[in-house]
Amino acid sequence: MRTATFALFFGVMTILTVLTHIYLYRRLFADPNWPEQAKRFGLMFVALMAVLLVTGAIAPRFVPRTIGGFLAGIGFAWMGSLLYLGLVLVSADLLKLLNFGVEAATGTDLLAGRRELLARGAAVTAGALTSAVAVPAGRSALGDVDRRELEVKLSRLPPALSGLKIVQLSDVHVGPLIGEKFMKTIVDKVNAEKPDLVVITGDLVDGSVRELSRHTAPLGRIESRYGKFFVTGNHEYYSGVEPWLAELRRIGIRTLRNERVSIGDAASFDLAGIDDQRSHGMAPGHGPNVRDIVAGRDPDRELVLLAHQPRSIGYAEEAGAGLQLSGHTHGGQLWPASAFVRFTTPYVAGLYHHDPTTQIYVSRGTGFWGPPMRLGAPAEITVLHLV
């Protein structure tokens, strides 16, 4: 079943990739009517990038990491570039569509004699904008990770625990482009905070335990007074969730699956975690469920809920949580994608008051997925002080 699903997905993506690159060739090279040599170069370039986009997505599963990572880096970088090429080219098409409407209504062709000039202007602008954006976006994704610090007020937190420090990691996406070196740096940063509690809110990996265990191993060095906890994200289910849960347990990270634990000593609060929102049917026995979290719980105790997706906020309400910690959105990762993320969840990045008793913090993520690019949504390690 999984093989059939992958084959269908791969087939659909290949068709979309071919159609997208035919469009790109027409708008960047054919419509501007560049010299024939430039058109031939453009055709070879666009065809090559289409092939690399597809092979880069699947190569890491079948070839050594050095080769797979190289191909994935080029393919995914091109994927990010397509966003900005498309913004300019589609805008030019909308201008032509507007002109068509004016011509139909008035008989006046506003672009008469200017179509080739518009096509060349759109092609040059698309290339220039993409180049100008890609460099800083790549530096943001591949450079140093931001430290985001904030204070969260929780009404039921015992006074003796005021100031308790939680370090949150989320959406690291260890895979073909993020590996052991990056993880060592992140763990050093976490340990420098001397945290009371460390939480990882899903999408830690993109690949199997066999491929990536060496690269996630540094997480075993995390030092935390009250432990280190994990909840599943959707990508864990694409990567073999049960082997990963066993591997995390082996290196000392506890996964909270629809369960709660007590954090603290004489004074304490409840920490709970639920399976990813999409996990129903993706692995036997998996799926978010609050029943076991609330069973026998003292409602006067403070509760912090770990849930990968912000859309799980309804479970936080049901459980009586004062705070939900989430990720998943990457803060949009590439502007203006953040505007589209808001169609799927009202909580994209930062701290929100969902209602008078429940807050939610959404991390922009510690790594990246797909394009090694971030624009307007830098990666973060989150340091939360509960007061």
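This is a predicted model: local features need pLDDT of at least 70, side-chain atom pairs count only at pLDDT 80 or more; totals for chains, interfaces and linings use all residues.
Two strands are said to pair if DSSP finds at least two bridges between them, and strands here are DSSP runs of E of at least two residues, while helices are runs of H or I of at least four, both numbered from the N terminus. With that in hand, look at Ile 263, which stands opposite Phe 269 in β7. Residues are numbered from 1 along each chain as its sequence is written, and side-chain values use heavy atoms, with hydrogens and water left out.

Let me start with the sheet. β6 and β7, the latter covering residues 268–273, pair in the antiparallel sense over six bridges, and they belong to an open sheet of six strands with mixed pairing, in the order β6-β7-β8-β9-β11-β10. β6 (259–264) and β10 (350–353) stand at the edges with a single partner strand each, so one side of each has no neighbour in the sheet.

Now to the interior. A nonpolar core, as I use the term, is a set of buried Ala, Val, Leu, Ile, Met, Phe, Trp, Tyr and Cys residues joined through side-chain atoms within 4.5 Å, where buried means under 20% relative accessible area, exposed over 50% and partly exposed in between, with a 1.4 Å probe and protein chains only. The largest such core has 32 residues, and those with the most contacts inside it are Val 174, Leu 204 and Leu 219. Among the elements that give two or more residues to this core are β2 (164–169), α5 (180–192) and β12 (380–386). A second, separate core of 24 residues includes Leu 157, Tyr 226, Leu 256 and Leu 271.

What does Leu 204 touch, leaving aside its neighbours within four places in sequence? Taking contact as heavy atoms within 4.5 Å, the partners of Leu 204 are Val 172, His 173, Val 174, Leu 219, Phe 230, Glu 236 and Leu 248.

Finally, the backbone. Most residues other than glycine have a negative phi, and most peptide bonds are trans. Asp 203, in the loop between β3 and α6, has a positive phi near 55° and is buried at 2% relative accessible area. Gln 333, in the loop between β9 and α11, has a positive phi near 65°, and at 7% relative accessibility Gln 333 is likewise buried. The loop between β9 (323–326) and α11 (337–341) also holds Pro 336, which a cis peptide bond with omega of about 10° joins to Trp 335.
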